[in-house]
Amino acid sequence: MSVSANGDTPTLEVQDLVMHFRTGNGIVAKGATVHAVDGVSFSIAPGELLGLVGESGSGKSTVANCAVRLLEPTSGTIKLRGRDITRLSRREMRPLRRDMHMVFQDPYSSLNPRMTCGQIVGEPLRVQKLHRGKGLDAQVSKLFDQVGLRAELRFRYPHELSGGQRQRVGLARALSVQPSLLIADEPVSALDVSVQAAILNLLRDLQKDMGFSCLFITHDLATVEYLCDRVAVMYLGKIVESAPTKEMFAAPQHPYTQALLSAAVVPDPEIQRGRSRVVLEGDIPSPISPPSGCRFRTRCPLAHESAPASEEEDPPLVEFAPGHRVACHLVRAGTPAPALVDASELRA
Amino acid sequence: MSLLDVRDLSVRFDTDDGTVHAVDRLSFTLEEREVLGVVGESGCGKSVSAMSLLQLLPETAHVTGSAQFDGLDLIAAPTSKLRDIRGRKIAFVFQEPMTSLNPSFRIGNQLGEVLQRHLGLSKKAARKRSIELLDLVRIPAPERRINEYPHQLSGGMRQRVMIAIALACDPAILIADEPTTALDVTIQAGILDLMRDIRERLGTAIVLITHNLGVVADIADRVIVMYAGRKVEEAPVRELYAHPQHPYTIGLLGAIPRPGAADEQGRLREIPGRVPSLSELPLACAFAPRCPRADEVTRSQVPELAEVRPSHLVACFHPGRNGDRP
């Protein structure tokens, strides 16, 4: 079962993805299991932008790394355009690498400092044997133009570029082979606000032109609202809510989503100071020993209302409204969760 | 009289690649119980100006100007005098709570050190006071936490410990440099509530340095916007957001994704170009190369700060929403 499905074969389909890490027999902890991702399912339709939102430690980056097979998932299946790629060998994966590419958070460490930016952008084309020689040069120049970089920057090294320019190089590299899926892991969080806007605009323009699907990973809800068609919210290795963007922001159901929306600061003192917000108690629990039952119950302001079910049983994702799924004991189809704050106050 | 009065603060660094002008003639005041937000992007000089106040910059820095606090000029004061001010009357909270705590000492030791050094408390009294302080910053089970090491705490908890250390001597001024940037939003909300609470209960004046205009909107009373080492705008918080005057401020506000921020095509407003290099002070408006309103005057003269609306200062030849004089 995937989070969304329309008629077409999804570009990416992730089913029951589980990723557990064994920690080594170190001095501090004696071999424990980190439950980084615990049964995550979703799919991305062709041309769709899915935002995967969560705080640090929620497992969102692990999902991305599993999806592109940078990590070997413990269990579950990953399908790229209908083809199961979960257990393919590195060699078998290689031709498929054309179809999905990644942009990373840190534009400083994700570019090889010993290659020129032109070489970096041309590398996927060269490895995939799509272009060579003069043709490669021409293609790289075209890509530089597409992402708004001057062509002469091809001969510069990454350290000579600003953060925003470097992230454009990262985007050009990812899109050079015209993938059907782009996975962007916090691509703008290391950048200044004014530069962020430019990169987000660029990503949006490129998506419109090229039509790729995108898994956009972020902790920033406002970015998702601007960019994505659909949102999935993760908490401690699980998706707790997913919905079309408009619906998610208009009527968030899961208490965690409500808290997240209410905690985001709005750059307007009149609005910001008039809002009530849900302050969650404590910290995100350790994924080594996640709470029994509902994983959010230790911080949930409504935990008493759903006890004892919340302590015993892990709430499944149920369809609350068409395309809107929630994993909360207090939410049934058509029955909304109690509002923690007035829905109108959640929004700027 | 203001609690802190900074006049013409300039900081330049001598580097191998020449002189870098990090801060250029910055003046501001801080009143009692006030939360002053200092906003700007990386490299605008906001952190450097704060560090220079306590002479925390390396020797390559040349600081000029004055900063009057408690009858003393902080810029000219000898280090021996500053030691009694640092951490006691003016305290710092830094961005990265992991690297600003010493990983090999227990929380209690690090808190106790401040209390013993500045207030001359005995070890026992310092411990008691440390527990009170951890309780003040709402750390649960402080008597247990005090024996833990920084790595045993989460990021939010570490930042609370940093704030507790900063508050140990009941300082008159708390300088918080990006205190919530490394934290998740739900944790950030808690830290902002805590800072508000501290100001209410202890009356501490706070200088909040941040790039996040949302955080400033939440907590600041007055805001300074910095660009390329200069103050370009200053106003009470509601005034600034309701009537931003400088094109840079207007650009920043438009660049944040939020409902209503995007233009007709659904695009965010970008600020073209990039922050200028600080290696030479331009004899012009530093924002001119990126400014849609730039003209001959802008490119040949440095705009001086002028009061365009009540208590609203802006350094721009064409201020206002549309570039017309308001």
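Two residues are in contact here if their C-beta atoms, placed from the backbone, lie within 7 Å. Helices (H or I, at least four residues) and strands (E, at least two) are DSSP runs, numbered from the N terminus. With those terms in hand, let us begin with a helix pair in chain A.

A:Gly163, A:Gly164, A:Gln167, A:Arg168, A:Leu171 and A:Leu175 in helix 5 of chain A meet a row of partners in helix 6 of chain A, namely A:Val195, A:Ala198, A:Ile199, A:Leu202, A:Leu206 and A:Met210.

**The model**

This is a predicted model, in which local features need pLDDT of at least 70 and side-chain atom pairs count only at pLDDT 80 or more, while totals for chains, interfaces and linings use all residues. Residues are numbered from 1 along each chain as its sequence is written, and chains are lettered from A and ligands numbered from 1 in the order in which they are written. The scores are ipTM 0.84 and pTM 0.88. Chain B averages a pLDDT of 90, and 97% of its residues score at least 70; pLDDT is the predictor's confidence in each residue, from 0 to 100.

**Two helix pairs**

Two packed helices are described by the angle between their axes and the distance between the axes. Axes are lines fitted to C-alpha atoms, for helices over the stretch in contact, and angles run from 0 to 180 degrees between N-to-C directions.

| Helix pair | Angle | Axis distance |
|---|---|---|
| Helix 5 of chain A and helix 6 of chain A | about 15° | 10 Å |
| Helix 9 of chain A and helix 7 of chain B | roughly 55° | within 8 Å |

Helix 5 of chain A is therefore roughly parallel to helix 6 of chain A, whereas helix 9 of chain A is oblique to helix 7 of chain B. Angles under 35 degrees count as roughly parallel, over 145 as roughly antiparallel, 65 to 115 as roughly perpendicular and the rest as oblique. Helix 5 passes helix 6 of chain A in a right-handed crossing, while the crossing of helix 9 of chain A with helix 7 of chain B is left-handed. Left-handed means that the near helix is turned anticlockwise from the far one by less than a right angle, and right-handed that it is turned clockwise.

**Where the chains meet**

The contact between the chains takes 37 residues from chain B and 33 residues from chain A. On the chain B side, helix 7 gives the most, with six residues. In helix 7 of chain B, B:Val185, B:Thr186, B:Gln188 and B:Ala189 meet A:Ala259, A:Leu260 and A:Ala263 in helix 9 of chain A. That contact has five nonpolar, two polar and no charged residues.

**Burial and backbone**

A residue is buried if 20 or more other C-beta atoms lie within 10 Å of its own, exposed if 12 or fewer, and partly exposed in between. In helix 3 of chain A, the buried residues include A:Cys117, A:Ile120 and A:Leu125, and their cover includes helix 4 and helix 5 of chain A.

A:Glu186 has a positive phi of about 50° although it is not a glycine, and is partly exposed, with 19 other C-beta atoms within 10 Å. B:Ala228, also not a glycine, has a positive phi near 50°; with 24 C-beta neighbours inside 10 Å, B:Ala228 is buried.

Notes. Nonpolar A, V, L, I, M, F, W, Y, C, P; charged D, E, K, R; others polar.
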